[in-house]
Amino acid sequence: MKYSLIIVTVFNFLFCLAQTNTVGLIHQEEGVAEGYVFFSPDRNNKSYLINNCGEVVNEWTFSQQPGRTAYILENGNVLYAGKTNLEIRDWNSNLIWGIDVNATLGFNQHHDIEPLPNGNILLIVNDSYDSTTMFAQGIRPSFGSEEFRLDKVVEIEPVGINEDNIVWEWKFFDHLIQELDSTKPNFGVIDEH
């Protein structure tokens, strides 16, 4: 039994070495965990699922280059954040749902998204304010910027093929505290918040 296990292990190792590396496996060490690797490379509109030998198990093609975020969902579909798009594609790369976050919602998404257990999606977006609005909130006039971009977290529910519902949002703007002018909103002691 001991020799059978050694023979099977050696065979599996040699089989992996003999396979053509299709995506870029450069080095494989003994003891690597079994499983797959899922990734979306920069400057490419594809996501790949590869095995430990570097062979492509599946690939998905999306309409835009990535914002570096893609997730395999519990049902096997892939949620992908492009530069301005969010898309869900099935195993065969068929579009299940997609929206242009910028054109449809007026949001500039950045950094990450998070699929939720209820099927909704959290995304981080820029929330822009002009200097008049920010000065009215008590920002120092020495900030000479014309536009201020603060973060906002939005939960959206995918609907149909290309629609959504905004379920919830949290704005950094709503939590500003300033201690410069007691006549303006959000006046308080910053250290207490």
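A contact, as used in this report, means heavy atoms within 4.5 Å. The structure is a predicted model in which local features need pLDDT of at least 70 and side-chain atom pairs count only at pLDDT 80 or more, while totals for chains, interfaces and linings use all residues. Residues are numbered from 1 along each chain as its sequence is written, and side-chain values use heavy atoms, with hydrogens and water left out.

Among contacts in the protein chain between residues at least 6 apart in sequence, 40% join residues at least 24 apart. The chain contains 3 helices and 11 strands; helices (H or I, at least four residues) and strands (E, at least two) are DSSP runs numbered from the N terminus. Their order along the sequence is α-β-β-β-β-β-β-β-α-β-β-α-β-β.

Confidence is expressed as pLDDT, the predictor's confidence in each residue, from 0 to 100. The mean for the protein chain is 83, and 84% of its residues reach 70 or more. The lowest and highest elements are tabulated below.

| Element | Residues | Mean pLDDT |
|---|---|---|
| Helix α1 (lowest) | residues 2–18 | 46 |
| Strand β7 (highest) | residues 95–100 | 95 |

Of the 193 residues in the protein chain, 33% are buried, where buried means under 20% relative accessible area, exposed over 50%, and partly exposed in between (1.4 Å probe, protein chains only). E87, in strand β6 (residues 85–89), counts as buried because its relative accessibility is 5%. Leaving aside residues up to four places away in sequence, E87 touches F62, S63, V78, L79, Y80, L95, W97 and G98.
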